[in-house]
Amino acid sequence: DRLEKLLKGTAARWKLIRAELLELATEYADKRRTRVLASVDEPSFQAEDFIIEEDAMLLLTEQGWVKRQREIRDVSTTRLREGDRVIDLAAGSTKSAVAFFSNQGSCYVCRMVDIPAATGYGNPVQTLFKLDDGEKLIRALCFDPRVLEVPEASEDAEPEPPLALAVTRQGQALRFSLRHHRDVSTKSGRKYARLAEGDQVLYVDVMKTGDYVVAASESGHALICRADEVAVLASAGKGVMLIKLEGNDVVVGARLLRTKSQELKLENDKGTVYEVNVRRYAAASRGGKGHQLFKRGKLTGVVHDDPELPTLGEAKSLTRPPKPN
């Protein structure tokens, strides 16, 4: 009967609670026995402290799907949507920052752990970042010190290494510091390039001392020059002319060349494959037309190979590149 009365109305329950609290206050109303001798600093925690640190691999596809896996042994066997292909792989700790570069000059940064783990197709990048219409991700870089060490930017006005190089469809090129993109960004990202109307970035990669850069246009011209001839920008900009284009010609492919044997593979509309490297085509000055690969027809695009599986080793030290022009 007593329990049923308590269940019928809140007044009876609050009366019981009040009585029990008064009983406790009366029974245990003695003075404090513990003396407070000094204030104690409470430990502060960051979101990173709650991340379970382990190695992982990231996979980015041409159609804009991304997934994180513990290990990828063979790129050719990974599950993809029909007509899709893997354009980039990155490896690092789950606490490491991962930078995604888009064709519209924006860089989106998150932590490796923020990318959902998946064994299927993965997740659309639109679930992670706020992309504009027609915007696509073209490169992914993990800032794990074992792969690429990116320190905090100092107060030095000069852009600091490591530097990345970008090439656009209209033949422009620019170098920029990765230090401004080491921290996690908002979903809207940060700008690394300000493009002219109708232009878009085709290629982004980390530059090293002694690298050459090659760019090939639809008309069949290819130019190789030293990468350090491209200006380093302190803030997002259009860059400088890498290859001179005429009429409606556009760049269809670009790549950094670190050895004389490294090459950019291109295919024309007749199915012929051209391998452009420093050994076969001499380097020239930036801003020229380059070498003419053929007289008739046009290049249809780059012959893509599966990206190499990244490895994790010891932390890498930075090599300061030449001072910007």
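## Confidence in the model

The mean pLDDT of this protein is 90, and 95% of its residues reach 70 or more. This is a predicted model. Among the elements, helix α1 (residues 2-8) has the lowest mean pLDDT, 88. Strand β8 (residues 163-168) has the highest, 98.

One stretch calls for care. Over residues 315-325 the pLDDT is below 50. Beyond near neighbours in sequence, this stretch still has 27 contacts in the model. Where pLDDT is low, the predicted coordinates should not be read in detail.

## Strand β4, an enclosed strand

Look at strand β4, residues 97-102. Six of its six residues are buried, so the strand is largely enclosed by the rest of the structure. In a regular strand the side chains alternate between the two faces of the sheet. Both faces of β4 are covered. On one side, Ala97, Ala99 and Phe101 are buried.

## The partners of β4

Strands of a sheet pair through backbone hydrogen bonds, either parallel or antiparallel. Strand β4 pairs with strand β5 (residues 106-111) in the antiparallel sense, over five bridges. Strand β4 also pairs with strand β7 (residues 137-142), again antiparallel and over five bridges.

Phenylalanine 100 lets you trace both pairings. In β5, its bridge partner is tyrosine 108. In β7, the bridge partner of phenylalanine 100 is alanine 140. Now follow the chain from β4 to β5. The two strands form a hairpin with three residues between them. In this hairpin, glycine 105 takes a positive phi near 85°.

## The second largest pocket

Rolling a probe the size of a water molecule over the atoms shows where empty space is left. The second largest pocket holds about 270 Å³ of space. Its lining has 15 residues. Nearest its centre lie Lys95, Ala97, Arg111, Phe143 and Arg182.

## Two loop residues

Arginine 81 lies in the loop between β2 (65-69) and β3 (86-93). Its relative accessibility is 36%, so arginine 81 counts as partly exposed. Leaving out residues up to four places away in sequence, arginine 81 touches Gln63, Trp65 and Tyr121. Valine 36 is another matter. Arginine 81 and valine 36 are 45 residues apart along the chain, and their C-alpha atoms are separated by 64 Å.

Glutamate 160 sits in the loop between β7 and β8. Is glutamate 160 buried or exposed? Its relative accessibility is 10%, under the 20% cut-off, so glutamate 160 counts as buried. Aside from neighbours within four places in sequence, glutamate 160 is in contact with Ala153, Ser154, Ser177 and Arg179.

## A sheet of four strands

Another part of the protein holds an open sheet of four strands. The order is β16-β12-β13-β19, and the pairing is antiparallel. Strands β16 (251-257) and β19 (291-292) stand at the edges. Each has a single partner strand, so one side of each is left without a neighbour in the sheet.

How values were computed
Residues numbered from 1 in each chain as written. Predicted model: local features only at pLDDT ≥ 70, side-chain atom pairs only at ≥ 80, totals over all residues. Heavy atoms only, no water. Buried < 20%, exposed > 50% of the residue type's maximum accessible area, 1.4 Å probe, protein only. Contact = heavy atoms within 4.5 Å. pLDDT = per-residue confidence, 0-100. Pairing = 2+ DSSP bridges. 1 Å grid on protein atoms, 1.4 Å probe; cavity = no way out; pocket = protein on both sides within 12 Å on 5 of 7 lines; lining within 4 Å. Points joined across faces, edges and corners; volume = space filled by probe spheres on them.
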